[in-house]
Amino acid sequence: MTWDVLVVGGGIAGVSVAAELARDRAVLLVEAEPVLAKHTTGRSAAVYIPSYGSPVVRALTAASYPLFGDGILSPRPMLWVGSATEVAHMDSTEPVSIDDAVGMCSALRADRIEAAAVDNGTMDIDVMGLHQRYVRELRARGGEIRQGAPVTAISRDGAAWRVNLGNEEIAVGTVVNAAGPWADKVAELAGVPALGLRPLRRTIAIAVGKPVDPGWPLVSDVADTFYFRPEGPGVLVSPADETPAEPGDAKPDEVDVALAVERVNHVTTLELRSVRTAWAGLRTFAVDREPVLGALPDHPGFAFVAGQGGYGIQMGPALAVAAARIISGEPAGIDPASVSPARLR
Ligand SMILES: Cc1cc2nc3c(=O)[nH]c(=O)nc-3n(C[C@H](O)[C@H](O)[C@H](O)COP(=O)(O)OP(=O)(O)OC[C@H]3O[C@@H](n4cnc5c(N)ncnc54)[C@H](O)[C@@H]3O)c2cc1C
């Protein structure tokens with residue numbers, strides 16, 4: 001079997017862009033781990049927040065909405081809390097009174113909140129349902145997935161690339177680098193300059209205290225120092241941390257877990273004490289926090305689909321369509337310069 005395109009990475013970015021490219025090309029996707037979605041994709045908070053991120057991120061998030069398909073999104077409003085000035089400066093949200101905020105989440109302490117606003121377009125995302133749908137589409141379009149297949153070397157061979165997968169070597173015309181936190185490492189394997197992509201660790205814990213209402217909104221402070229939402233009998237909490245890290249299997253730091261619990265306890269009556277589980281993942285950003293799609297002009301045939309930061313699931317469907325079009329040299333519906341890797345050189 002010969003392949004037109006090799007996609008490196010089996011997270012949401014890899015499977016979604018591979019499924020899009022497989023509409024008219026032979027696509028092989030390789031994932032270093034024995035399972036798909038083990039890293040960032042499997043560790044997200046699984047929320048769709050239309051008012052989050054830069055204008056480019058918001059446009060891709062809005063364009064993704066109709067592409068999620070049935071059963072992937074379910075409504076859960078988002079309640080922003082903060083100082084009156086912070087809340088007054090938020091766009092795409094409706095201000096609400098403190099009484100209404102406590103009406104939405106009865107655990108909130110009215111005496112610890114100055115102002116609140118609601119975003120009614122926020123949704124929970126069935127991340128693994130979405131990921132599996134792309135896996136099925138990729139296979140249905142003739143694509144192949146190899147797990148436990150790390151790319152270990154990439155070299156130019158005329159207009160093509162030779163790629164080493166352990167003991168095997170394959171030749172392809174296009175390499176798509178969807179390696180998440182490892183995207184700069186994979187570029188360097190190919191002799192393509194690194195783009196200064198920064199993996200930043202973020203921590204999540206599931207903590208249990210007083211009873212929880214599953215209908216509560218996602219609650220976040222505008223200053224981005226915590227968020228929480230119901231999760232089974234407890235709450236999912238995060239200190240919204242951004243600690244620079246090397247690419248790898250991120251582990252939660254107990255100080256970050258304690259900070260999340262403390263900050264959520266401060267604004268609620270939840271009295272969280274017991275942490276059932278905690279994890280961390282790497283949100284990977286370009287310096288301007290915009291996604292990176294396409295090839296550097298002097299390295300054609302090696303395309304980045306990287307730098308999705310904290311929005312890779314919510315903007316994933318439209319990002320995959322835009323990336324596939326950019327890789328195919330077609331109009332992508334977004335300004336290519338705003339996402340081109342060339343802006344980072
Ligand atoms: C705590 C946390 C909360 C988040 N919450 C949200 C949220 O609520 N909503 C949202 O939209 N986004 C959220 N995100 C961000 C989102 O999870 C990421 O943007 C997205 O998962 C990135 O996907 P990816 O496919 O680029 O990376 P990954 O899922 O990390 O996939 C990259 C893959 O490449 C593989 N790989 C690396 N090197 C090689 C190699 N040499 N050969 C083969 N394979 C290789 C890795 O093993 C990995 O599986 C969150 C992230 C974190 C950490």
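Which side chains meet in a salt bridge at 3.9 Å, N to O? Select K38 and D249: theirs are the ones. A salt bridge here means a side-chain nitrogen of Lys or Arg within 4 Å of a carboxyl oxygen of Asp or Glu.

A word on the ground rules: this is a predicted model, where local features need pLDDT of at least 70, side-chain atom pairs count only at pLDDT 80 or more, and totals for chains, interfaces and linings use all residues. Residues are numbered from 1 along each chain as its sequence is written, and side-chain values use heavy atoms, with hydrogens and water left out.

Next, colour domain 1 (5-43 + 127-196 + 287-344) and domain 2 (78-120 + 198-285); the bounds come from an automatic or database domain assignment. Their C-alpha centres are 31 Å apart. Between the two domains, three salt bridges are counted.

Now show the surface. Domain 1 and domain 2 bury about 1300 Å² between them, with 52% of it on carbon and sulfur atoms; that is accessible area (1.4 Å probe) lost on being put together, summed over both. On the domain 1 side, pick R43, P181 and R289: they lose the most area to domain 2, together 46% of what that side buries.

Zoom in on T40, where a side-chain N or O atom is 2.8 Å from a ligand oxygen. Then try V47, with a polar backbone atom 2.9 Å from a ligand nitrogen. Alone, the ligand exposes 1000 Å², and the protein buries 96% of that (Shrake-Rupley method, 1.4 Å probe).

Conventions: Buried area = accessible area lost by both parts, 1.4 Å probe. Polar contact = N/O pair within 3.5 Å; in protein donor to acceptor, adjacent residues only side chain to side chain.
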